[in-house]
Amino acid sequence: MKPLLTPRALALSLALALGAPAVVCAEPLPTAWNLAPLYASDTDWESARKALLADLPKLAALKGTLGKSARSLRAGLDAISAANLRVDRLRVYASMKQSTDNRDTANQERSNLAGQLGGEYASTIAWLEPEIQQLGDAKVAAFVKAEPALKKHAEHLRNSLRQAKHTLSAEGEAVIAALGPVRQATGEARTLLFNANTKWPELTVDGKTERVDGTKYGLLRQHPDRAVRKQVFDAFFGAIGQYEDTYGVTLGNVVQDDTTMAKLRHYPSAVAMSLGAEEVPEAVYRTLVAEVHKGLPTLHRYFKLRQKMLGLPDLHYYDIYPALVTQNKAYSLDDAAALTLEATKPLGDDYQTQLKTTLQANTMHALPAPGKSGGAYQDGVYGTPPFVFLNHQGDFESVSTFAHEWGHAMHTTMANRAQPYETAGYSLFIAEIASTANEVLLSHYMQGQAASKEEKLFQLGSALERLRGTFFRQAMFGEFELNTHDAAAKGEALNGKRFTEIYCKLLKEYHGDAAGVMKIDPLYCQEWAFIPHFYRPFYVYQYATSITAALHFAEDILAGKPGARDNYLKLLAGGGSVAPYQALKNAGLDMASPAPYQAVIQRMDRIMDEMEALLAAK
C-alpha cells in the first residue's frame, strides 16, 4: 500500500546561477497553475470527498477477508490502493489551494476537511497491517507466488511483515489513525500563525517600502548594504521572537508526540522510529553528524574567505547571504527554464523531452502573492503531471530553486512512468537527490559559461554557499532535532526559551562564535521558529545526505564514467520499488560510511583553493 502522504516540507534551494538566458518556447510559461487535472471545481472536490466517505464502509467490510485466498488478498489490496489514490487527489488539491492563499477561509476549511477525511480513512483501514502480519511470511509468500497480480503489492507486503513488532493491534492502530487530524493540528496552527496572522514589519529599502515576511526576508538578506541586512534580520527575527512562547508550544507538541509514538511502537527512540520506517540505518544519521563536526574547520575557512572577499572588519550572521561577487542580472521564469534545460543536457535526450513536455503542462504556481506560503515545493497525484510551487524573485537563487523543484518533478514523472501506483512513491531519503543533482548540474553549466574572473568567482562562491546551506546547515538542523528529542525523552520541559537555548548553542558552535569566526547575535537564535521542516521530524538531515549523493552521481555523469547516467536514471525510475538505503547501495553508494561525506568536505576545500588562486592572480 502506498502510504498516505503527510504535508510536504518546503524545499531549501541555496544554489545561485548566472549566464545568458535563452528562450524555451514562443509563449511565456504560465505562472498560475490549472488544477483541472485534479478537479474541475471546488464543487467537484466536495462531491468526490462525500463519495469517498460513502465508500468507507465497503473498505471496512474487507476486514477478515485477506487470508481467505490469494485472490481475496489481491482484491482487498487493489480496493485499498484505489482508495489511496482518491485520498491523494483530495489531499493534494486542498493543500495546494491553501498554499496559494492561506488567508482564504474556504481554503482553510477545505484543508481541514481533507485532514478529517484522512483521519477517518486511516482509521477505517487501520486493521490492514495487523491482518497482513497475522498471515505470516510463509502464507504471504505462497499467495504472491499463486497470484501474479499481487506482484505490484509485494513491496508493501514485505514492508508490512517487517514492521510487525512495531504495529499495534487493529484497535490500537484505529485509535492512532483517528487522532491523525488532531496530531497534525499543531503544524497547521504554525502555518497560519506564520503565513496569515503575523503582522510583519515594514522597512524602507532603496527608497521602497518592503514588507519583511518570510519570502521577502529570503531576498532582502542578500542585500549588498550591511546596514540594510542588519535591519532586515532585526525586523524579521524580532517579529518571530514576539511569538517565541507560541512557537515553543507548537513545536514542543510535535516533539512530544513523536517521542510518545516511538514508545507506543516499541522503538528505542524517535529517530530510530523515523529511520526504521524507511529501512535507513541510524548509522547514516550519526555518521553524517560526526563527519560534519570533523569538517567544521573547512566551514570556518569559508567564513573567513567570505569576510575577506566582502571586505568586512568582522563577520555577523547577517553577512552569510550576500553574493561574494555582485551580479545584478535579473532572470525571468522563462530564463530559469532555459538554463535548467541547458544544464540538464548531460542527463540525455529522454530526460530533456520529458522536461520540456512537463514544463508546458500549466502545473506551476510561480510568483509571490499576499497570503501565499513561502518557499517552494513539488506535489502531485499519480496519473497527472507534477505540480510545482515557487516564489520566483527573479534573482539567481530563484533560478536554482526552479532547477531544484523541476528535478523533483522529473523524478516523479520518471517514477510514475516506470512504476505502478503502488511502488511509484519514493522515499524522502531519495527524494532530494534528484532535485539537488539538478542544482549541481546547473552550477557546473554556469561555471562553464563564465566569461570573466568575476563571473567564475561568483559561481564558485555560489557552489560554496550551496554546500554551506545544504550540507552543513541541514546537518545542524538535524542535530537540533536529535537534541530536542533527546531532551523530551529524558523528561525535560520544552518551551520556546529552551528551544532557543538548544538552537543557539549549535548555531554558535557551527559558526565559530567562541573562536571569533562569526558573531551570533542572541536575537537570531530565534531562527528555529522560522524552520517549517521541524514539524516533520527527522526530515532535514536528508538534504545533507542528498547533496552528498547528488554530488557523487553528478560528478560521475559529468566525468563521462561508463554507465553513470543510466545508473542514476534507473535509481530515479525505481520509485519506491526498493528500500532507499539499499537502492543507493545498489547504485554503488553506501551512505552509512564516512567516505561520501568526507568527499563533500574535500570538494569544498578544492573550491576554496581555486577561488584563492583566482583572487591572487592579477
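Asp101 and Arg103 form a salt bridge (a side-chain nitrogen of Lys or Arg within 4 Å of a carboxyl oxygen of Asp or Glu), with their closest N and O atoms 3.0 Å apart. Asp101 counts as buried at 19% relative accessibility, whereas Arg103, at 47%, counts as partly exposed; buried denotes under 20% relative accessible area, exposed over 50%, and partly exposed the range in between (1.4 Å probe, protein chains only). The model is predicted, and local features need pLDDT of at least 70, side-chain atom pairs count only at pLDDT 80 or more, and totals for chains, interfaces and linings use all residues. Residues are numbered from 1 along each chain as its sequence is written, and side-chain values use heavy atoms, with hydrogens and water left out.

The count of salt bridges comes to 41. One of them joins Lys152 and Glu422 at 4.0 Å, N to O. Lys152 lies in the loop between helix H4 (128-146) and helix H5 (154-162) and Glu422 in helix H17 (residues 421-424), so the pair ties together parts that are 270 residues apart in sequence. Helices are DSSP runs (H or I, at least four residues), numbered from the N terminus. Lys152 is partly exposed at 32% relative accessibility, while Glu422 is buried at 15%. Both residues belong to a salt-bridge network that also links Arg74, Asp78 and Glu147.

A further salt bridge, between Glu555 and Arg603, spans 2.4 Å, N to O. Glu555 is in helix H21 (residues 541-558) and Arg603 in helix H24 (residues 595-616), so this pair ties together parts 48 residues apart in sequence.

Leu442, in helix H18 (residues 428-449), is buried, with a relative accessible area of 0%. Leu442 and Thr344 are 98 residues apart in sequence and 7.3 Å apart in space, C-alpha to C-alpha.

Key: Helix = DSSP H or I, 4+ residues; strand = E, 2+ residues; numbered from the N terminus.
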